[in-house]
Amino acid sequence: NLCVGAVARNMVKSLRKKYGDGPETTVRFEPEEPKAEGDGAESKQQAKPRARGKSDSANLHLATKEQLMAELEKRLEAEEEAKSEEEEDDDAEFEHSWTPSPFPERVTIIGGGPAGLSAAIYAARAGLKPVVVAPPMGGQLQGKGVDVENYPGLFNVTGPAVVSLMRQQAIEFGATFEAETVVEVDASERPLKVRTNSSVIETHAVVVATGAESNWLGVKGEYEMRGGGVSSCATCDGHMYRGKDVIVVGGGDTAMEEALVLARTSGSVTVVHRRDEFRASKILAQRVMEHPSISIRWNTVLVEVLGRASEEEDAEDGEDVDLDAPVQMVVRGARLRDVYTEEESVIEAEALFVAIGHTPATSFLEGIVEFNPDHAGYVLTKGTSTHTSLAGVFACGDVSDSVYRQAITSAGSGAAAALDAERWLSEEGLGNEEADFEAELLAELMADGPGEEDAGGYNAYEDAGGRIEGMKESIASEL
């Protein structure tokens, strides 16, 4: 019987320690000599890359002391570098953060999406030094993992990248950020007070750009496959499923509009509705029911979104695969249930669009401004402006837009809100109080300075040796 491996090494070590000598050991496997190039098919077969696994890990028990010390030093350097990068990221995060001031801010913008950041850019360029209050996780565009393809001038760029560019542009012009969630706007006195979880910001004007969140069903597979076929915006993502079968869930105007948009490009559209009639306007419902590419499943609810692993078309043979990376799931169909018979069925589809409405993030404004009586939760604005019912408070983006809800329309209304706020501040005579205070203080200091008779009392050249007043020392030395 052979004694091999770690057991053999430990036995030899123990015997030598106890008796000063031990049995000889032999190498079981001799290293193969490298073969010359051109050995035919055998060399090609050996050259084939193999998958990475545990066998690729370092054998520490075979390493020398010098190798171990070098590896330890390398790892310590990597840890120090990672720590340094983390500190730099923290410094960058707080570099443009808002700091409290004894003077009220002129404009505070609530929301960090296209509307809020567009308002920040315009307000900053006007010298208003706006404060943007928004949590770091962002809104709908920030959470959009697929490319944004319906914003002019942008191509092959994701939602988070668009938000990052907008934020950087606002910072360049002087905007600051408070990474908090607003819980209340106190309008009981002027200046207004914007309260967050950890701070209170006094401000003359407020621009509300908190957006509207899509309503979701909460069924199995829905969250996991957002960006992989599950969407709430046919205008944004419908083009990716040209000629494919898709599903729309809902029965209101939003669902009808989504179905009609998708029917222009998709192979077929199945509308799933839990009742036996639509809640949508009669003309929209009629168009959907008469469309040849649209079928309807009445009295039916969605139970589960079915998925499959995404096929990596760009993967090549021999390419390293990260086995720890999560598998991207994409939609392959849906499980439906009849609300009366409880019978379940499965239909195949490449995408599923949830169109059951939106909820504006405006709960913190209840009792402060008026809301649109025809669209619950949406802030009512005056005419075509962004003015609300409360002077100094402006609304833009999806909080006041119940129709379009697009990134580009939100950006446009954000710019309008900043312009409206700037004009309102000018009309009310609310300028830069901090700059005015500094100017007054400087004027007082100048007034308390030396009188006319002492205006030329001290001269550095006279103090240095009585040379000609105002003459450079180099010239005086030549004279």
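Trainee: In which sense do strand β1 and β6 pair?
Mentor: Start with the terms: helices (H or I, at least four residues) and strands (E, at least two) are DSSP runs, numbered from the N terminus. Two strands pair if DSSP finds at least two bridges between them. β1 covers residues 105–110, and five bridges link this strand to β6. The sense of the pairing is parallel.

Trainee: What kind of model is this?
Mentor: Residues are numbered from 1 along each chain as its sequence is written, and side-chain values use heavy atoms, with hydrogens and water left out. Local features need pLDDT of at least 70, side-chain atom pairs count only at pLDDT 80 or more, totals for chains, interfaces and linings use all residues, and the model itself is predicted.

Trainee: Which residue of β6 stands opposite Ile110?
Mentor: Look along β6, which spans residues 200–208. Ile110 faces a residue of this strand. That residue is Val208.

Trainee: How many residues of β6 are buried?
Mentor: Buried means under 20% relative accessible area, exposed over 50%, and partly exposed in between (1.4 Å probe, protein chains only). β6 is mostly covered. Of its nine residues, the buried ones number seven.

Trainee: How many residues lie between β5 and β6 in their hairpin?
Mentor: β5 (residues 192–196) pairs with β6 in the antiparallel sense over four bridges. Lys193 stands opposite Glu202 in β6. Between the two strands of the hairpin, the number of residues is three.

Trainee: Which residue of β17 is the bridge partner of Val207?
Mentor: β6 also pairs with β17, in the parallel sense. Three bridges hold that pairing. In β17, the partner of Val207 is Phe394.

Trainee: Where is Gln406 found?
Mentor: Gln406 is buried, because its relative accessible area is 17%. Contact means heavy atoms within 4.5 Å. Not counting residues up to four places away in sequence, Gln406 touches Asn150, Cys233, Thr235, Cys236 and Asp398. Its place is the loop between β17 (393–395) and α9 (407–428).

Trainee: How far apart in space are Gln406 and Pro114, C-alpha to C-alpha?
Mentor: In sequence they are 292 residues apart. In space, C-alpha to C-alpha, the distance is 9.3 Å.

Trainee: Are α4 and α5 roughly parallel or roughly antiparallel to each other?
Mentor: Axes are lines fitted to C-alpha atoms, for helices over the stretch in contact, and angles run from 0 to 180 degrees between N-to-C directions. α4 (residues 114–125) and α5 (residues 159–172) pack at about 20°, with axes 9 Å apart. Angles under 35 degrees count as roughly parallel, over 145 as roughly antiparallel, 65 to 115 as roughly perpendicular and the rest as oblique. So α4 and α5 are roughly parallel.

Trainee: How many residues in the contact of α4 with α5 are nonpolar?
Mentor: Pro114, Leu117, Ala120, Ile121 and Ala124 in α4 meet Val163, Met166, Arg167, Gln169 and Ala170 in α5. Ala, Val, Leu, Ile, Met, Phe, Trp, Tyr, Cys and Pro count as nonpolar, Asp, Glu, Lys and Arg as charged, and the others, Gly among them, as polar. One residue here is polar and one is charged, and the nonpolar ones number eight.

Trainee: Which charged and nonpolar counts does the contact of α7 with α8 give?
Mentor: α7 (residues 253–263) and α8 (residues 282–290) pack at about 40°, with axes 9 Å apart. That makes α7 oblique to α8. Asp253, Met256, Glu257 and Leu260 of α7 meet Leu284, Ala285, Arg287 and Val288 of α8. None of these residues is polar, and the counts are three charged and five nonpolar.

Trainee: Why is β10 largely enclosed by the rest of the structure?
Mentor: Strand β9 (residues 245–249) runs parallel to β10, joined by five bridges. Val246 stands opposite Val269 in β10. β10 (residues 268–272) has five residues, and it is largely enclosed because the number buried is four.

Trainee: Which residue takes a positive phi in the hairpin of β13 and β14?
Mentor: β13 (residues 329–338) pairs with β14 over five bridges. Arg335 has Val346 as its bridge partner, and Ala334 stands opposite Ile347. Five residues lie between the strands, and the one with phi near 65° is Glu342.
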